[in-house]
Amino acid sequence: MNTMKLKSMLESFFLEDIGNGDISSQALFQPNKEGDLHLVAKRAGTFCGEAVIEIGFSIINPLINCNIHIKDGEFITAGTEIAHISGPIIELLQAERVVLNLIQRMSGVATMTANAVKLIEGTEAKICDTRKTTPGLRMLEKYAVQCGGGYNHRFGLYDAVMLKDNHIAFAGTITDAVQTVKKRLGHTTKIEVEIETEKQLMEAITNKVDIIMFDNCSPEIIKDWLQYVPEGIITEASGGIQIELLHDYATSGIDYISLGYLTHSVKALDISATVKIRNV
C-alpha cells in the first residue's frame, strides 16, 4: 500500500470531519489533558488497517503513541484488543472516528475475502476482487482483499484491457474489438474479453486473447466449455456468483473467481474505542 497516498487520503478525511476544530472536545478538555484509547474488536474476523491507525493518529499529533498488537491479515476474536493509543484526549477524539470507520471497513472486506477463500480450499481456483469499490477507498479495499488471502483484479481502467459486453456491442464483434486494440496497443498489453455464449468463447479463442471471463455462466457450463480453451489462456468466472456456489465454481476448472460483493456489499467488522483518563 502506498503510504504517501494513504497520508494524503487521511488528511482529506480529517479535514472533512474536523473542519475548523472539534468543538465538543475542545470545550470539555484542556489541551494538556491526556488519556488512553483502546481499540477492541466486538466481533470475530480478519483484521486490516495497521497503517491507518499509525499514520492516522500521527497526522493529528506525531507525539501520540500507538501500540498496535495485531498484524494485517491476522484473525481476531471478539474482545481482542487491537491497539492501545495514548496522548492528548482532544486529539485522540479527533482521530477516533475516521480511523475506526476505515479499519472497520477494511477489516470487513478482509473478513469477507477470508471466508470466501476458505470455502474453496483444496482447489486450484483463486478469489479476486473487481472495480466495484467505494469511490475514494479503492486502494484500501483492494489491500484488504489481499490481507484476506484474495487477489487483485485491475486497479482501474488504466492498467489492463478488459473488453466487456458494451465494448463489444459498440465495436460490432469480439474480433473487431480485439483486433483494433491489438493494433493500437501492441503485443505487450494483455487483453481480457467477457463472454456469455459458446460462439463468443470460440471467437475469443480464435483471436488469441490472454484472459477469458465467463460472465453469468453456471459451473456446469464453464466445466463443459473449458475443454475448448487452450493452455496459456487464463480463465475467470464472474457475475452474480453466490457464496453457496463458490465451491462448485472452484471445482469447475476455472482459474479465478471475481466477486464484486467483497467490496460493494461487505459488512464492516465491529470495532469499538474505549477510553481511560490520566491526570496530568
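Hi everyone. A quick definition to begin: a helix here is a DSSP run of H or I, at least four residues in length, numbered from the N terminus. With that in hand, look just past helix α8, where Lys 208 takes a positive phi of about 55°. Please keep in mind that this is a predicted model.

Let's stay with α8 itself, residues 198–206. Which of its residues are buried? Leu 201, Ala 204 and Ile 205 are. These three sit on the same side of α8, because they cover an arc of only 100° around the axis. Turn to the face pointing away from that buried side, and you find the exposed residues Lys 199 and Thr 206. And what covers the buried residues? The cover includes two helices, α7 (174–185) and α9 (219–225), along with strands β8 (191–195) and β9 (211–215).

Now to Val 193. Leaving aside neighbours within four places in sequence, Val 193 is in contact with several residues, among them Ala 204, Leu 163, Val 178 and Ile 211. Val 193 also belongs to the largest nonpolar core, which has 77 residues; together with Leu 39, Ile 53, Ile 82, Phe 214 and Ile 257, it touches the most other members. The biggest contribution to this core comes from helix α4, residues 89–119, with eleven residues.

Last stop, strand β5, residues 81–88. Six of its eight residues are buried. β5 runs antiparallel to β1 (residues 34–41), joined by seven bridges, with Gly 35 opposite Gly 87 of β5. β5 also pairs with β3 (residues 65–68), again antiparallel, over four bridges; there, Asn 67 stands opposite His 84. Thanks, everyone!

Note on methods: Residues are numbered from 1 along each chain as its sequence is written. This is a predicted model: local features need pLDDT of at least 70, side-chain atom pairs count only at pLDDT 80 or more; totals for chains, interfaces and linings use all residues. Side-chain values use heavy atoms; hydrogens and water are left out. A nonpolar core is a set of buried Ala, Val, Leu, Ile, Met, Phe, Trp, Tyr and Cys residues joined through side-chain atoms within 4.5 Å. Buried means under 20% relative accessible area, exposed over 50%, partly exposed in between (1.4 Å probe, protein chains only). Contact means heavy atoms within 4.5 Å. The arc is that of the directions from the helix axis to the C-beta atoms. Two strands pair if DSSP finds at least two bridges between them.
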